[in-house]
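Open the model in a viewer that can select by residue number and report distances. The stops below are meant to be taken in order.

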Amino acid sequence: MVQDKKYRFIVNEDFHNWHLQLYLHKITHHRAAVTGVKVVTTCDVFISSSHDKSICLWSLDDYTLLNSMQMNSPVLRIDVSWDSVFLLAHCDDNGLYVRTLATGKELHTLKGHKSKVRTLHIARDSQRAVVGCEDTRALIYDMLSGRLIRSMPPNPGPVTALYAMDNDDFLITVGGNKITFYSFRNEELYVHPYSHNQRKKRSVKRNAQSQRSPSTSLPPITCFDVSRDSQLVAIASGKHVHIMQINTPQYQTTLDGHSAPVSSVCFAPNGEFLTTGSDDRAVHVWSLAMGSISNTFRGHVAPICCVIVLMDSRRVLSSDRDGYLYVWMAQGGNLLQTIQGPGRRLSATNNMKFAISTNCDNTLKIWSLTREDEKYSVAHSDEITCFTITADSLYIITGSRDMSLKVWQATGGKLAQVLVGHSDAVTCASVSITNKTQVISGSKDTNLILWDLHTGDEIHTLAGHLGAIIGVKVSADGSTAVSGSDDKTLIVWETKRGLALTSLQLHVPFPRFDISMDCSRILVQLVDSFNLPVICLHNTPAQYIKLPTYSAPARDVEDLRPQGPKRQMKRLLKKEVSLDTYTWQKKYGHLTSSVMMAQVDERLKRRFSVSASMEEISKIAEMKTITSQTNLGPEQAALAQSQHFDQLEALWNKRSPPRRRHNAGLSRQTSLVEDRLESSDDDEYHDERTDHFAAGRGGHF
């Protein structure tokens with residue numbers, strides 16, 4: 001198919017057996033099997049090669065023969081340069097011939113290959129040709145001089161396919177069961193590999209390095225971060241930070257401002273700025289629109305460990321090696337909160353209420369960002385190797401070398417669930433954004449387990465790696481997961497069925513990787529490398545989810561500061577007095593008129609009496625006492641009356657026991673005058689009852 005999609009060529013060995021399709025013209029010039037067809041970039045001429053030892057040029061306008069080249073042996077494959085100047089042909093005698101396309105004049109015969117040629121390709125610069133051979137090597141030739149430039153490293157098997165990217169940044173070779181990417185930028189190293197002119201070699205190499213992309217001339221990558229919308233990636237290499245677009249691997253800008261290596265980078269959730277922390281003890285806030293520093297925080301006195309931006313895109317949380325964590329404003333740099341604690345690994349909840357940090361020991365700290373006195377500490381029996389936070393900010397999942405995962409409540413730090421199932425140390429854990437009930441974990445036992453967060457059950461066990469798991473990432477919708485291992489492989493999983501979709505074998509180890517939200521891109525940080533490969537995935541179950549944008553309320557800086565410690569509430573407790581009907585009427589009856597008292601319901605009276613009424617108690621044995629006293633003499637009646645009052649007192653105490661103080665820590669606060677009045681009232685009431693009892697007993701004697 002040509003570029004303008006107007007023509008289609010269908011070729012078989014006899015060049016006559018066309019399928020039943022609508023075609024424009026049929027060419028029957030060749031006398032043997034046709035081996036190749038190429039269309040020039042101008043789309044007006046196409047070239048055909050055949051086993052009849054001929055190469056023909058045809059016009060696409062009227063399908064007339066323009067030129068014919070006769071070779072010494074049958075032609076097996078051909079290729080044309082992008083500028084339509086050179087024609088490269090591989091013949092049955094294993095010869096590689098370079099000719100001019102217009103006249104067919106032979107220019108060079110490429111030499112240096114020692115085995116059978118399996119494939120060939122001309123680069124986009126129209127100056128280099130790549131040849132894949134049976135001896136597992138790919139050779140690069142200079143089309144102008146016909147000399148061998150470079151011999152690529154051997155592959156696991158014969159090189160069967162070659163392809164150079166559109167801008168010649170990378171060369172892809174297929175050999176055996178491996179696909180290998182090589183840097184293929186035009187290095188101008190057109191010097192014979194056995195040349196003794198070392199001075200020329202060094203000058204050419206320096207010139208080539210000056211023309212390279214920024215990523216190829218810097219120290220190894222130390223860290224990187226992907227923006228929240230999965231459109232940009234920030235790559236830290238040495239003292240520099242490079243911003244690159246993920247979908248179209250192009251460097252957007254380079255940020256230079258640190259005087260020491262950069263240790264941490266973090267995008268703002270709104271995508272407007274980037275924060276970078278360095279060993280120079282400074283944290284820079286970069287405006288992505290301007291590409292310059294908008295603010296610098298210099299409150300740290302030790303190298304920076306970690307920097308994160310809260311969801312409101314206004315506050316920044318940074319930690320250093322001395323164990324200090326600072327919360328400050330991205331615009332202005334005003335310090336809001338200072339925390340002393342672990343800071344090697346740092347994160348914050350999406351609701352911006354808590355910060356979580358650890359030094360990879362057996363404890364993890366939960367710090368409140370709203371109250372200074374609120375903090376919690378959770379622990380494992382061994383070192384904590386990883387932790388993650390659910391999207392709803394309710395739970396914190398920690399993994400440890402004790403082979404278990406624990407689920408903690410973010411508010412309160414209480415243990416909610418324990419996940420046990422791995423046979424070795426847990427190394428990583430990850431949760432999705434939409435599916436809040438599942439968590440996936442990886443371990444040194446080479447397995448991954450998908451858990452139910454609430455029940456603690458194992459949903460799936462994912463087995464396929466041959467080495468310890470070093471990381472796992474889950475897509476935003478939770479349908480796809482990607483895991484990396486020490487065996488240099490990446491495996492893409494479908495979480496619903498627990499099946500492996502594909503695996504990728506890398507040629508070097510990698511300490512970290514990350515994915516886009518829809519799992520369409522995988523970014524891999526290689527060990528001691530200045531390259532960040534971006535792997536494209538197609539036809540994955542993951543769907544793109546647009547994350548909600550957090551709009552920060554218009555609050556002053558002082559409103560964002562955490563509140564001080566809570567003060568204990570001092571309640572003024574009044575003295576509780578137990579009143580019966582008799583005491584109520586004697587002490588407070590004169591305050592209420594008789595008309596109003598008549599309207600008061602009996603239930604309302606009892607609301608003011610905590611204990612039972614003396615009159616109600618006396619009614620219980622009224623009938624018994626009247627019946628028994630009518631048949632007794634004076635002495636017996638007095639004794640019975642005395643026993644009657646003793647029974648009333650016992651019944652009084654039984655139905656109305658003294659109130660117990662439930663909270664001994666609360667002190668009774670009342671004025672001295674009230675205490676004296678109440679104590680005098682109690683004494684008066686006690687004297688009156690004593691006189692009443694004495695009079696009753698005296699009347700019977």
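**Stop 1: Asp445**

Select Asp445 and His422: their side chains are joined by a polar contact of 3.3 Å. A polar contact here is a pair of N or O atoms within 3.5 Å; within protein, one atom must be able to donate a hydrogen and the other to accept it, and residues adjacent in sequence count only if both atoms are side-chain atoms. The model is predicted, so local features need pLDDT of at least 70 and side-chain atom pairs pLDDT 80 or more, while totals for chains, interfaces and linings use all residues. Numbering starts from 1 along each chain as its sequence is written, and side-chain values use heavy atoms, with hydrogens and water left out.

Asp445 is in the loop between β37 (438-443) and β38 (447-452). Helices (H or I, at least four residues) and strands (E, at least two) are DSSP runs, numbered from the N terminus. Is Asp445 buried or exposed? Its relative accessibility is 16%, so it counts as buried; buried means under 20% relative accessible area, exposed over 50%, and partly exposed in between, with a 1.4 Å probe and protein chains only.

Leaving out residues up to four places away in sequence, Asp445 touches His422, Ser423 and Asp424, where contact means heavy atoms within 4.5 Å. Next, display the C-alpha atoms of Asp445 and His465: they are 9.4 Å apart in space and 20 residues apart in sequence.

**Stop 2: Ser313**

Move to the loop between β24 (304-309) and β25 (315-320), where Ser313 is found. Which backbone atom does the side chain of Ser313 reach? It is the nitrogen of Asn270, at 3.2 Å. Ser313 counts as buried, at 10% relative accessibility. Beyond four places in sequence, Ser313 touches Ala268, Pro269, Asn270 and Phe273.

**Stop 3: aromatic rings**

Show the rings of Phe, Tyr and Trp. How many aromatic pairs does the structure hold? There are six. Rings (the six-membered one for Trp) pair if their centres lie within 6.5 Å; planes under 30 degrees apart count as stacked, over 60 as edge-to-face and the rest as tilted.

Select Phe297 and Tyr326: the ring centres are 6.0 Å apart and the planes are at 55°, so this pair is tilted. Phe297 belongs to strand β23 (residues 292-297) and Tyr326 to strand β26 (residues 324-329), so the pair ties together parts 29 residues apart in sequence. Phe297 is buried at 6% relative accessibility, and Tyr326 is buried with a relative accessible area of 11%.

Then select Phe354 and Tyr376, whose ring centres are 6.4 Å apart with planes at 50°, so this pair is tilted. The pair links distant parts of the chain, 22 residues apart: Phe354 in strand β29 (residues 354-358) and Tyr376 in strand β31 (residues 375-379). Phe354 is buried, at 3% relative accessible area, whereas Tyr376 is partly exposed, at 22%.

**Stop 4: charges over rings**

Select Arg128 and Phe184: the charged end of Arg128 sits over the Phe184 ring, 4.0 Å from its centre. A charge sits over a ring if NZ of Lys or CZ of Arg is within 6 Å of the ring centre and within 35 degrees of the ring normal. Arg512 and Phe224 are the next selection: Arg512 lies over the face of Phe224, 4.2 Å from the ring centre.

**Stop 5: nonpolar cores**

In soluble globular proteins, nonpolar side chains tend to be buried together. A nonpolar core is a set of buried Ala, Val, Leu, Ile, Met, Phe, Trp, Tyr and Cys residues joined through side-chain atoms within 4.5 Å. Select Ile308, Leu317 and Leu346, which touch the most other members of the largest nonpolar core, a set of 17 residues. The elements giving two or more residues to this core are β24, β26, β27 (335-340) and β28 (345-348). β26 gives the most, with three residues.

Apart from this core lies another, of 15 residues, including Ile55, Leu57, Val75 and Leu87.

**Stop 6: cysteines**

Finally, show the cysteine sulfurs. The structure holds zero disulfides, a disulfide being a pair of cysteine sulfur atoms within 2.5 Å. For Cys223, the nearest cysteine sulfur is that of Cys306, 9.5 Å away. Cys428 is buried, at 6% relative accessibility, and its sulfur is 6.3 Å from the closest cysteine sulfur, in Cys386, too far for a bond.
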